[in-house]
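Me: I would like to go through this protein structure step by step. Could we begin with the terms and then look at the details?

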Amino acid sequence: MIVTTLLQFMFACIGVQLFKGKFYRCTDEAKQNPVDCRGIFIVYKDGDMDSPMVRERQWQNSDFNFDNVLTAMMALFTVSTFEGWPALLYKAIDSNGENVGPVYNYRVEISIFFIIYIIIIAFFMMNIFVGFVIVTFQEQGEQEYKNCELDKNQRQCVEYALKARPLRRYIPKNPYQYKFWYMVNSTVFEYIMFVLIMLNTLCLAMQALMNPATVVCKPLLMDWSYTWIKPLWLIPQAKNFFKNESSQLTASSLTLIKASQLLFTDFT
């Protein structure tokens with residue numbers, strides 16, 4: 001944390017040298033110095049020439065500036081949080097001279113300052129700080145095993161062996177059910193499903209582009225095909241499938257979704 005603060009202070013000092021007094025601007029963009037930024041000017045509400053409004057010219061400084069080290073550190077802190085920092089970057093690029101109004105893209109190369117700051121502070125130092133905190137907590141958690149003869153990896157192996165449970169996989173004994181089970185669990189079947197999904201996406205794109213009446217039903221039929229072909233694996237294990245509450249919810253949700261699509265689809 002101390003190193004990060006020192007780097008923040010260093011970049012703030014550099015920012016003061018680069019941008020001190022250069023973030024001022026007149027509310028009337030046609031005026032470039034405080035001497036001319038006086039009196040009143042006319043603006044048009046939302047660009048409507050029939051709605052003129054009179055405004056007083058004011059020479060204003062940016063809310064985040066580099067006039068001193070403290071305000072520079074605050075401005076750089078907003079950059080490190082990635083919250084609204086592009087506006088500050090654009091002001092720095094447009095900065096012209098001290099106590100002089102901005103000029104569009106006057107110093108584009110000054111953006112290197114912000115890029116280097118983000119890489120060093122926001123990416124590098126912040127990640128180091130977070131990593132240090134995580135490592136500290138892990139070391140504190142290891143203190144309770146200080147007198148244990150097993151190291152960390154050995155303890156994890158023992159915990160895994162104690163908590164491990166065998167996976168249950170149903171393989172049908174009936175030869176016809178086994179054929180269905182083998183088909184829907186094969187890699188070829190997964191590729192077929194992928195092709196159907198791509199064809200359905202293509203049909204939807206054609207419908208949005210051409211919008212003919214003949215294309216309306218095709219995406220729906222494709223959607224039904226790849227949604228309901230997949231549950232073919234229910235055939236070999238339907239007996240065990242509906243004993244699981246989550247499986248029952250999945251089947252009922254698919255049915256409701258497809259029924260609603262049929263109800264709200266215009267086939268004309």
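Reply: Let us begin with a definition: helices are DSSP runs of H or I with at least four residues, and strands are DSSP runs of E with at least two. Please note that this is a predicted model.

Me: Thanks. How much of residues 110–137 is helix, and how much is strand?

Reply: That stretch is 96% helix and 0% strand, and its end C-alpha atoms lie 40 Å apart. An unreviewed UniProt entry lists residues 110–137 as a "transmembrane region", together with residues 188–210.

Me: And the protein chain overall, how many helices and strands?

Reply: The protein chain has 10 helices and four strands. From the N terminus, the order is α-β-β-β-β-α-α-α-α-α-α-α-α-α.

Me: What share of the residues is buried?

Reply: Of the 268 residues in the protein chain, 26% count as buried. As for contacts with a separation of 6 or more, 61% are between residues 24 or more positions apart.

Me: Which residues have the most contacts inside the largest nonpolar core?

Reply: They are F19, F66, L76, L88, F114 and Y117, in a core of 23 residues. The elements giving two or more residues to this core are α1 (2–19), α2 (69–80), α3 (85–94) and α4 (111–142). Helix α4 supplies the largest share, seven residues. As general background, nonpolar side chains in soluble globular proteins tend to be buried together.

Me: Let's take F19. What does it touch?

Reply: Leaving out residues up to four places away in sequence, F19 touches F66, D67, A92, S95, R107, I110, F113 and F114. F19 also belongs to a cluster linked by ring pairs, whose members are F11, F19, F23, F66, F113, F114 and Y117.

Me: How many aromatic pairs are there?

Reply: The count comes to 10 aromatic pairs. In one of them, the rings of F11 and Y117 have centres 5.2 Å apart and planes at 75°, so this pair is edge-to-face. The pair joins distant parts of the chain, with F11 in helix α1 and Y117 in helix α4, 106 residues apart.

Me: Are those two buried or exposed?

Reply: Both F11 and Y117 are buried. Another aromatic pair, Y24 and W59, is stacked, with 6.3 Å from centre to centre and 0° between the planes. Y24 lies in the loop between α1 and β1 and W59 lies in strand β4, so this pair ties together parts 35 residues apart in sequence. Y24 counts as partly exposed, at 23% relative accessibility.

Me: What about R25? Where is it found?

Reply: R25 is found in strand β1, and at 33% relative accessibility it counts as partly exposed. Apart from neighbours within four places in sequence, R25 is in contact with Q58, W59, Q60, K91 and P102. The C-alpha atoms of R25 and C37 are separated by 9.0 Å, and these two residues are 12 residues apart along the chain.

Me: New topic: how many salt bridges does the structure hold?

Reply: The structure holds one salt bridge. The side chains of D28 and R57 meet in it, at 2.8 Å from N to O. D28 is in the loop between β1 (25–26) and β2 (40–44), while R57 is in the loop between β3 (52–56) and β4 (59–60), and the two are 29 residues apart. In general, side chains of opposite charge can pair when their charged atoms come close.

Me: Why does D28 count as buried?

Reply: The cut-off for buried is under 20% relative accessible area. D28 is buried because its relative accessible area is 11%. R57 is buried as well, with a value of 17%.

Me: Next, what is the phi of N99?

Reply: N99 has a positive phi of about 60°, although it is not a glycine. N105 also has a positive phi, of about 55°, and is not a glycine. N99 is in the loop between α3 and α4, and N105 lies in the loop between α3 and α4 too. N99 is partly exposed at 35% relative accessible area, and N105 is partly exposed at 38%.

Me: Last one: how far does helix α5 reach from its first C-alpha to its last?

Reply: Helix α5 (residues 152–163) reaches 17 Å, close to the 16 Å expected for its 12 residues at 1.5 Å a residue. α5 is hardly covered, with one buried residue among its 12.

Notes
Residues are numbered from 1 along each chain as its sequence is written. This is a predicted model: local features need pLDDT of at least 70, side-chain atom pairs count only at pLDDT 80 or more; totals for chains, interfaces and linings use all residues. Side-chain values use heavy atoms; hydrogens and water are left out. UniProt positions are given in the numbering used here, feature names are shortened, and annotations may be inferred rather than shown by experiment. A nonpolar core is a set of buried Ala, Val, Leu, Ile, Met, Phe, Trp, Tyr and Cys residues joined through side-chain atoms within 4.5 Å. Buried means under 20% relative accessible area, exposed over 50%, partly exposed in between (1.4 Å probe, protein chains only). Contact means heavy atoms within 4.5 Å. A salt bridge is a side-chain nitrogen of Lys or Arg within 4 Å of a carboxyl oxygen of Asp or Glu. Rings of Phe, Tyr and Trp (its six-membered ring) pair if their centres lie within 6.5 Å; planes under 30 degrees apart count as stacked, over 60 as edge-to-face and the rest as tilted. The expected span of a helix is 1.5 Å times one less than its number of residues.
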